[in-house]
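Here's a quick tour of a protein model. Have a look at the structure first, then read on.

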Amino acid sequence: MLKVAICYKDVFTRLKQREPLYKSAPKEEEWEIARDICDKLKLFNSVTELFSGTEYPTANLYFPKICEIKMSLKEWLYCGKSIIERMAMRMLDKFEKYWFQINGIMGVATVLDPRYKLRLLHFYFPLIYTNGEDAKKEIERIQGICYNLLNEYSLKSKASEVGASYQSSASSLPSPDESETDHMSKYNKFVVSDFEGNVKNELDSYLDECVLQRLPDFDILSWWKNALKYPTLQLIARDVLAIPISTVASESTFSTGGRFISPHRSRLHHDTLEALMCSQDWLWTEAKEIDATPSECYTTFHDDVDDETNEEILGTDTYHEEL
């Protein structure tokens with residue numbers, strides 16, 4: 001809204017000259033503040049479009065954007081303009097309430113990105129935390145979360161594998177006595193405990209590898225699907241990367257029906273409602289692919305209709321001329 005208002009700055013000035021009742025025209029200082037705020041909120045606009053978009057981004061994209069927001073807010077606190085400084089202070093207070101709750105799992109998602117791993121944490125945390133010890137502690141905390149998740153997932157997967165193999169072998173063997181069963185349960189625990197060291201080596205070997213080059217068309221889901229040498233990390237990536245940072249997409253799904261079924265259109269057939277919803281998604285997808293705004297899409301549609309109408313008129317005129 002600010003961006004559009006700035007484009008029509010001269011209109012407000014002319015309106016003040018021609019309309020005597022209009023007495024709230026912005027001053028030049030206020031226009032300058034509006035331009036500064038608009039420039040600073042561009043980051044929030046791009047992040048909001050990413051987080052609440054319909055393409056459902058994976059969780060590895062969140063951490064860099066959140067770090068950029070935090071660093072930007074800290075810079076705005078000392079920009080020299082009191083209005084922006086007060087705004088940044090209020091925004092930073094709200095930001096800090098969520099930062100310590102979400103930076104852990106977002107850090108894990110970043111570690112699971114083969115383009116970043118721990119390197120991105122080592123880059124951002126010294127910039128965010130003025131104290132180097134605090135940055136080091138945060139990196140160690142996130143790394144500890146990774147190891148804890150790895151051990152937890154490995155125990156579950158190994159226990160299920162051992163249980164399945166034990167059941168299959170037990171079905172083909174005579175029932176053992178109580179002492180033998182006790183020894184076999186101890187053996188299962190021994191296998192699981194021995195497996196923990198291998199799992200830790202799995203994470204270490206993943207972190208020791210060089211990070212991949214950052215490419216715009218990198219598909220992290222396909223990469224993990226083919227990373228067969230990290231079976232436990234595959235399970236973690238499958239769950240962690242699917243975590244949404246915003247509830248906008250889910251709420252939008254439930255509120256879509258309210259936009260189609262209104263008090264004046266409450267008796268639509270379910271097939272018609274489905275057709276409307278699908279058509280909307282298809283039209284927006286097509287508009288996004290050609291990088292067009294909704295108004296351009298509608299204009300194109302009307303242009304097509306006008307072209308067909310003109311062709312019919314020209315055809316009629318030609319017919320009359322022939323007669």
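## A look inside

The largest cavity holds about 50 Å³ of space. A cavity here is a set of points on a 1 Å grid, over the protein atoms alone, where a 1.4 Å probe fits but cannot get out, and its lining residues have an atom within 4 Å of a point. Points are joined across faces, edges and corners, and the volume is the space filled by probe spheres set on them. This is a predicted model, where local features need pLDDT of at least 70, side-chain atom pairs count only at pLDDT 80 or more, and totals for chains, interfaces and linings use all residues. Residues are numbered from 1 along each chain as its sequence is written, and side-chain values use heavy atoms, leaving out hydrogens and water.

What lines the largest cavity? You'll find Val108, Val111, Leu112, Cys146, Leu149, Leu203, Leu233 and Ile236 there. α6, α8 and α11 each give two or more residues to this lining. (Helices are DSSP runs of H or I, at least four residues, numbered from the N terminus.) The lining divides into 8 nonpolar residues, no polar and no charged. Nonpolar covers Ala, Val, Leu, Ile, Met, Phe, Trp, Tyr, Cys and Pro; Asp, Glu, Lys and Arg are charged, and the others, Gly among them, are polar.

Now for the core. The largest nonpolar core has 52 residues, and Phe63, Trp99, Phe125, Trp224 and Leu233 have the most contacts inside it. Such a core is a set of buried Ala, Val, Leu, Ile, Met, Phe, Trp, Tyr and Cys residues joined through side-chain atoms within 4.5 Å. Buried means under 20% relative accessible area, exposed over 50%, and partly exposed in between, using a 1.4 Å probe and protein chains only. The largest share of this core, 10 residues, comes from α6.

Next up is Pro26, in the loop between α2 and α3. Pro26 counts as partly exposed because its relative accessibility is 29%. Pro26 and Thr13 sit 13 residues apart in sequence, with 8.5 Å between their C-alpha atoms.

| Residue | In contact with |
|---|---|
| Pro26 | Phe12, Trp31 |
| Trp224 | Leu112, Pro114, Tyr206, Tyr230, Leu233, Gln234, Ala237, Leu241 |

Finally, α3 has Trp31, Ala34, Asp36, Ile37 and Cys38 as its buried residues. They pack against α1, α2, α4 and α6.

How values were computed
Contact = heavy atoms within 4.5 Å. 1 Å grid on protein atoms, 1.4 Å probe; cavity = no way out; pocket = protein on both sides within 12 Å on 5 of 7 lines; lining within 4 Å. Lists of a residue's contacts leave out its neighbours within four places in sequence.
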